[in-house]
Amino acid sequence: MLMNIKILVAAHKEYTMPEDSMYLPVHVGKELSTHSLPWQGDNTGEHISGKNPNYCELTALYWACKNLDADYIGLSHYRRHFTLQKPFLSGKNKFTYVLKSTEVEPLLQTVSVLLPKPRNYIIETNYSHFIHAHPAEALEQTKDILKEKYPEYLPAFEQVMKQTSAHRFNMLV
């Protein structure tokens, strides 16, 4: 059975996109952009394109969930791609190996979600990794909201914050 799989490639500047038709380049933050990129904008139909400075590539995922008809929707970045082999750059921004639709279909016959390999940080936790790049208040506020509205999720949140590995980069299918 042929599946309709679309992996959004979130981008805000020119980039050499994968050639497989499974990949759908999406100009994220197009509502605010002065660039004219030749790809699907995240500012059509129901969208949050104008909130791109706060939500980054997730504006593409929101757009897809509201406007795209597909059996599976995925997300990657212009500089990060899924692979079953170790990728390497060949020339300017050109990957010599990117996951193909013919490889994704069999995988989705056996699992519900595809994720990149987790990143392992030996000397720091997910919490400390986050607060090196973001205000700690964001995680504290998340924890407070969980405590108030979804207390059953609080132990899982605390466990993940103490771990030293996680799936990063908002990549999934």
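The legends below describe close-up views of a predicted model.

Local features rest on pLDDT of at least 70 and side-chain atom pairs on pLDDT 80 or more, while totals for chains, interfaces and linings use all residues. Residues are numbered from 1 along each chain as its sequence is written, and side-chain values use heavy atoms, with hydrogens and water left out.

**View 1. Four strands form an open parallel sheet.**
The strand order is S3-S2-S1-S4. Strands and helices are DSSP runs numbered from the N terminus, with at least two residues (E) for a strand and at least four (H or I) for a helix. Two strands count as paired if DSSP finds at least two bridges between them. Strand S3 (40–41) and strand S4 (72–77) are the edge strands, each pairing on one side only. S1 is joined to S4 by six bridges and to S2 by five, whereas S2 and S3 share two. Three bridge pairs can be picked out: leucine 8 with leucine 75 in S4, alanine 11 with histidine 27 in S2, and valine 26 with glutamine 40 in S3. Strands of a sheet pair through backbone hydrogen bonds, either parallel or antiparallel.

**View 2. Strand S2 (residues 23–27) is mostly covered.**
Five of the five residues of S2 are buried, where buried means under 20% relative accessible area, exposed over 50%, and partly exposed in between (1.4 Å probe, protein chains only). Tyr23, Pro25 and His27 point one way from the strand, and Leu24 and Val26 the other way. In a regular strand the side chains alternate between the two faces of the sheet.

**View 3. Helix H2 (residues 58–67) lies across the sheet strands S1 (5–11), S2, S3 and S4.**
H2 runs at about 165 degrees to S4. Axes are lines fitted to C-alpha atoms, for helices over the stretch in contact, and angles run from 0 to 180 degrees between N-to-C directions. Five of the six residues of S4 are buried, so this strand is largely enclosed by the rest of the structure.

**View 4. Glycine 74 sits in strand S4.**
This glycine counts as buried because its relative accessibility is 0%. Leaving aside neighbours within four places in sequence, glycine 74 is in contact with Lys6, Ile7, Leu8, Leu172 and Val173; contact means heavy atoms within 4.5 Å.

**View 5. The largest nonpolar core has 20 residues.**
A nonpolar core is a set of buried Ala, Val, Leu, Ile, Met, Phe, Trp, Tyr and Cys residues joined through side-chain atoms within 4.5 Å. Ile5, Ile7, Tyr23, Val104, Leu108 and Val173 have the most contacts inside this core. S1 and helix H3 (101–108) are the elements that give two or more residues to it, and S1 supplies the largest share, four residues. Beyond four places in sequence, isoleucine 7 touches Met22, Tyr23, Leu24, Gly74, Leu75, Ser76, Phe82 and Val173. Another core, of 11 residues, lies apart; Leu8, Ala10, Ala60 and Ile73 are among them.

**View 6. Helices H5 (residues 136–149) and H6 (residues 154–162) pack with their axes within 9 Å.**
The axes cross at roughly 155 degrees, which means that H5 is roughly antiparallel to H6. Angles under 35 degrees count as roughly parallel, over 145 as roughly antiparallel, 65 to 115 as roughly perpendicular and the rest as oblique. Leu139, Thr142, Lys143, Leu146 and Lys147 of H5 meet Leu154, Phe157, Glu158 and Met161 of H6. These contact residues divide into five nonpolar, one polar and three charged. Ala, Val, Leu, Ile, Met, Phe, Trp, Tyr, Cys and Pro count as nonpolar, Asp, Glu, Lys and Arg as charged, and the others, Gly among them, as polar.

**View 7. Asparagine 52 is placed in helix H1 (residues 52–55).**
With 15% relative accessibility, asparagine 52 counts as buried. Its contacts, not counting residues up to four places away in sequence, are Val28, Gly29, Asp42, Glu57 and Thr59.

Phi is near 75 degrees in phenylalanine 169 and about 50 degrees in asparagine 170. Most residues other than glycine have a negative phi. Phenylalanine 169 is partly exposed at 30% relative accessible area, and asparagine 170 is partly exposed at 35%.
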